[in-house]
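Let's take a walk through this model together, from the overall fold down to single side chains. Please keep the viewer open as you read.

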Amino acid sequence: MDTFQKYIQSLQKFDLEDITEHTYRKELQDLLEVIATTKNASIKIQHEPKRESGFGAPDFKIKTVESIIGYVENKKITEDLDKTVKSDQIKKYNSLSNNILITNY
């Protein structure tokens, strides 16, 4: 079974009404790490990075030793991402980087 199939199966462990935005963070981090290390072993995924003053803190920071590649903001599976993209939260994050992945798993 490939990485994405395992990931999708892991997201089916609980009923939608029983989960929060944080329920599957470990599974998402595992997926991001597999993808990153497949591309480049020096890419690191940091969950809950230090808050940047005035900008907040996206859920994941993706970086190498030399630079920040981008950020990942995660929302609950049922979240409307079209609405999220237009939020003040994401506008702040765009000040950190123009490379932000917004996902609801």
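Predicted model: local features only at pLDDT ≥ 70, side-chain atom pairs only at ≥ 80, totals over all residues.

Residues are numbered from 1 along each chain as its sequence is written, and side-chain values use heavy atoms, with hydrogens and water left out.

Let's begin with the whole chain. Its secondary structure comes to four helices and four strands, where helices (H or I, at least four residues) and strands (E, at least two) are DSSP runs, numbered from the N terminus. Read from the N terminus on, the order is α-α-β-β-β-α-α-β. The radius of gyration is 14 Å, close to the 13 Å that the globule rule gives for 105 residues, so the chain is as compact as a globular protein of that length. Here the radius is taken over C-alpha atoms, and the rule is 2.2 Å times the number of residues to the power 0.38. Along the principal axes, the C-alpha atoms fill a box of roughly 35 × 35 × 20 Å. Buried residues make up 35% of the 105 residues; buried means under 20% relative accessible area, exposed over 50%, and partly exposed in between, with a 1.4 Å probe and protein chains only.

Now turn to the two helices at the start. Two packed helices are described by the angle between their axes and the distance between the axes. Helix α1 (residues 3-10) and helix α2 (residues 25-39) pack at about 175°, with axes 10 Å apart. The axes are lines fitted to C-alpha atoms, for helices over the stretch in contact, and angles run from 0 to 180 degrees between N-to-C directions. That angle makes α1 roughly antiparallel to α2, a label for angles over 145 degrees. From α1, Thr-3, Phe-4, Tyr-7 and Ser-10 meet Glu-27, Leu-28, Leu-31, Val-34 and Ile-35 of α2; contact means heavy atoms within 4.5 Å.

Next come the rings. The structure holds two aromatic pairs, a term for rings of Phe, Tyr and Trp (its six-membered ring) with centres within 6.5 Å; planes under 30 degrees apart count as stacked, over 60 as edge-to-face and the rest as tilted. Phe-14 and Tyr-24 have ring centres 6.2 Å apart and planes at 35°, so this pair is tilted. Is Tyr-24 buried or exposed? At 0% relative accessibility, Tyr-24 counts as buried, whereas Phe-14 is partly exposed at 46%. Tyr-24 also forms an edge-to-face pair with Tyr-105, at 5.7 Å centre to centre and 85° between the planes. Tyr-24 lies in the loop between α1 and α2 and Tyr-105 in the segment after β4 (100-103), so the pair ties together parts that are 81 residues apart in sequence. Together, ring pairs link Phe-14, Tyr-24 and Tyr-105 into a cluster.

Finally, two single residues. Thr-84 lies in helix α3 (residues 81-85) and counts as buried at 4% relative accessibility. Leaving aside neighbours within four places in sequence, Thr-84 is in contact with Lys-75, Glu-79, Ile-90 and Ile-102. Gly-54, by contrast, is exposed, with a relative accessible area of 64%, and lies in the loop between β1 (44-47) and β2 (60-63). Gly-54 and Val-34 are 20 residues apart in sequence and 31 Å apart in space, C-alpha to C-alpha.

How values were computed
Parallel < 35°, antiparallel > 145°, perpendicular 65-115°, else oblique.
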